[in-house]
Amino acid sequence: MIHHLRAAGTSLVLDASGSGTPVIVHWGADLGELPAADLAALAAASVPPVGPSSLDVPLRLSLLPALAEGWSGRPALGGFRTGTGTLDPALALVAVHEGGDNTLVIELADADASVTVSTELELTVQGVLRLRHTLTNSGAGTLELAGLDAILPVPDRAAELLDFTGLWSHERRPQRSILGQGVWSRESRHGRPGHDDSYLTVAGTPGFGFRRGEVWAVHLAHSGDKVVWAERSALGHAALGAGELLAPGELSLAAGASYTSPWTVAVYSDAGLDGLSARLHPWIRSWSTITGPRPVLLNTWEAVYFDHDLPTLSRLVDAAAQVGVERFVLDDGWFSGRTDDQRALGDWFVDADKWPEGLHPLIERVHAAGLDFGLWVEPEMVNPDSDLARVHPDWLLGSASAPTWRGQRVLDLANPDAFAWLLERLTALLAEYPIAYLKWDHNRDLLGGSVHRQTAALYRLIDAVRAAQPGLEIESCASGGGRIDLGILERVDRVWTSDTNDPLERQQIQRYTSVLVPPEYLGGHLGAATAHTTGRTSALGFRLATALFGSAGIEWDITQASAVELDQIAAWIAIYKEHRALLHSGNVVHADGSDPAIELHGVVATDGSAAVFAQVALAAPRTALPAPIRFPGLDPARRYRVRPLLVGPVPRTVQTVPPAWLAADAGELVLTGAVLAEVGLPAPLLTPEQAALFTLDAV
Ligand code: DGJ
């Protein structure tokens with residue numbers, strides 16, 4: 001039978017009419033309603049010719065391409081059975097179960113190799129395709145699994161690739177390449193996705209942008225090691241693939257045992273990267289754990305680092321309350337013996353020297369000021385210089401002689417005793433103190449032990465902590481944005497997007513992180529004028545405008561801010577509170593400008609009733625008069641009132657006279673969405689590292 005799943009402009013056609021592994025005949029643009037006869041004709045017509053010097057039957061890329069099918073590209077399944085050799089089963093189709101909700105479950109089995117595979121495939125109403133395989137060792141003896149990946153075909157015209165790399169405090173750097181013949185494979189062995197995570201691998205028509213081109217993208221919803229790749233085979237097929245990266249011997253399946261791969265999340269758009277977000281964000285929002293407005297928080301890290309004392313922090317609480325902050329997060333430095341970043345991880349007891357009465361006096365102060373309280377933890381880590389490491393050296397992963405990283409090693413969460421001890425410590429803290437939020441950090445690569453087991457145990461641990469403390473919010477942090485993926489996102493309410501609060505770096509990091517993850521998850525903080533990570537000094541207005549587009553917060557000792565600055569911060573927080581419902585529910589949009597120095601991004605309400613946009617000058621423009629601002633994503637038929645939105649000081653410009661529509665005596669400007677998108681409005685001449693904000697309200 002031929003199965004056709006359709007949703008939100010996407011079609012998936014699966015040919016399960018043969019006796020072998022089904023074939024995805026089409027994943028891409030919606031093909032419209034197709035009667036069974038047309039589907040059968042499509043499947044029959046898609047059988048390719050037999051080429052010269054090749055297999056004697058037409059070669060099609062199946063759902064689990066394998067050598068046994070004649071596929072000499074990268075296989076979906078790898079492994080071996082002790083004594084009998086490589087695992088390369090010729091899988092036969094047993095059954096396809098069609099769920100009512102655009103889901104398929106495909107059962108495959110191979111009697112000789114004694115494996116069964118069940119593939120779950122779903123095209124969500126938002127147009128997001130997700131699939132995963134479960135392999136069961138149904139034979140005798142142990143099966144060593146080396147990989148079980150999802151592979152999806154992309155058409156020949158998807159000739160350009162985009163994925164991401166990066167480093168600490170510079171995450172999500174885009175890189176483009178041509179998808180030539182061969183494999184472009186991105187492999188993460190960090191034990192976390194890492195700062196250089198490939199994140200989202202996009203193949204598209206050449207020159208695709210935020211709003212133009214056809215694009216096919218995959219992401220692996222997993223927080224451990226992984227491989228994501230693109231392949232164009234000389235045989236003529238092109239594909240995207242993703243799966244957990246399993247170390248040799250890491251996954252032994254005893255007779256009867258099963259392994260389920262992480263979900264591969266795949267999205268098609270005919271309208272560039274914004275089109276991917278337009279499907280991903282509503283889908284993520286449909287299962288998001290976020291329940292209420294994202295509170296403005298103040299995090300103590302760059303304000304005080306390890307210098308915790310009640311009077312200092314109380315002054316910070318008061319300043320935070322004065323400007324309208326809603327949550328106070330005590331970062332690293334509160335637990336027993338933690339005087340710097342080289343000791344005490346693992347000793348999750350409140351430090352009696354810094355906090356003789358525990359955290360109660362601080363939390364009471366926080367509550368009295370009307371804020372709730374958050375606490376930093378790094379549960380998976382242990383410093384060798386800690387009581388925990390001294391008492392339980394056997395609970396640490398990897399060899400004792402291996403180099404440490406930030407002076408720390410990793411707790412073996414797969415050790416049931418270590419797991420139970422840690423769960424008890426975390427739940428005891430949560431029981432003793434009214435903690436609304438945990439910032440859950442992870443500051444090193446694993447580099448030893450089983451990442452597979454550690455990741456599974458981490459998920460169990462977070463699930464157990466949340467179950468013990470309903471309503472608790474968690475932020476995923478890994479030296480900034482080293483663990484941002486859709487596996488962790490199911491379990492957390494915020495991600496720390498990057499350790500850099502430098503707005504210039506942040507503009508790029510937020511732009512690309514938000515292609516996949518909706519902005520309400522993306523922690524973005526107002527930092528000090530001179531960024532601690534880069535030493536670059538930025539204007540307050542640019543810092544405020546940048547931190548507005550996310551889950552906003554402050555990470556700066558604002559007791560040192562001037563009265564004028566405090567007023568401007570308070571006004572910014574008021575604006576954030578006024579607009580956060582829109583910013584955290586709308587469509588994220590970007591213009592494809594011709595000048596890389598000028599960015600335009602915004603959020604448009606899903607019903608088209610309102611929008612907030614930022615015109616950002618990253619550097620000096622290419623032309624004296626920058627191109628007009630063309631506002632994407634509006635309802636073309638509606639009329640919008642366009643107004644500047646001032647956060648902080650007036651943005652610095654070099655114009656002698658502003659554009660007429662922004663002149664002090666200009667009247668109200670109302671234009672249709674079509675005019676604003678197609679013709680646009682003359683841009684103010686911002687100097688580098690300035691941002692101008694605009695609100696657009698349908699009238
Ligand atoms: C790394 C995080 O990314 C920072 O925000 C901060 O929490 C430090 N760890 C604390 O050690």
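Predicted model: local features only at pLDDT ≥ 70, side-chain atom pairs only at ≥ 80, totals over all residues.

Me: How are two packed helices described?

Reply: Two packed helices are described by the angle between their axes and by the distance between those axes. Here, helix 7 (residues 416-432) packs with helix 8 (residues 451-468) at an angle of about 30°, and their axes are 10 Å apart. Angles under 35 degrees count as roughly parallel, so helix 7 is roughly parallel to helix 8. The crossing of these two helices is right-handed.

Me: Which residues make the contact of helix 7 and helix 8?

Reply: From helix 7 come Phe419, Leu422, Leu423, Leu426, Thr427 and Leu430. Helix 8 supplies Ala457, Arg460, Leu461, Ala464, Val465 and Ala468. Sorted by class, this contact has ten nonpolar residues, one polar and one charged.

Me: At what angle do the axes of helix 4 and helix 5 cross?

Reply: The axes of helix 4 (residues 310-323) and helix 5 (residues 360-368) cross at roughly 15° and come within 10 Å. That makes helix 4 roughly parallel to helix 5. Their crossing is right-handed. In helix 4, Leu310, Leu313, Ser314, Val317 and Asp318 meet Pro361, Leu362, Arg365 and Val366 of helix 5. The residues of this contact divide into six nonpolar, one polar and two charged.

Me: Turning to cores, which residues touch the most other members of the largest nonpolar core?

Reply: That core has 125 residues, and Phe328, Trp334, Leu438, Ile554, Ile558 and Trp572 touch the most other members. Helix 11 (residues 563-583) gives the largest share of the core, eight residues. Another core, of 55 residues, lies apart from it; Leu5, Leu77, Leu135 and Leu148 are among its residues.

Me: What is Trp334 in contact with, leaving aside neighbours within four places in sequence?

Reply: The contacts of Trp334 include the aromatic residues Trp348, Phe349, Trp355 and Trp376. Also among them are His308, Val350, Asp351, Leu359, Leu375, Val377 and Leu429.

Me: How many residues of helix 10 are buried?

Reply: Buried means under 20% relative accessible area. In helix 10 (residues 540-547), eight of the eight residues are buried, so this helix is largely enclosed by the rest of the structure. They are Leu540, Gly541, Phe542, Arg543, Leu544, Ala545, Thr546 and Ala547.

Notes:
Residues numbered from 1 in each chain as written. Heavy atoms only, no water. Axes fitted to C-alpha atoms, helices over the stretch in contact; angles between N-to-C directions. Helix = DSSP H or I, 4+ residues; strand = E, 2+ residues; numbered from the N terminus. Parallel < 35°, antiparallel > 145°, perpendicular 65-115°, else oblique. Left-handed = near helix turned anticlockwise from the far one by under 90°. Contact = heavy atoms within 4.5 Å. Nonpolar A, V, L, I, M, F, W, Y, C, P; charged D, E, K, R; others polar. Core = buried A, V, L, I, M, F, W, Y, C linked by side-chain atoms within 4.5 Å. Buried < 20%, exposed > 50% of the residue type's maximum accessible area, 1.4 Å probe, protein only.
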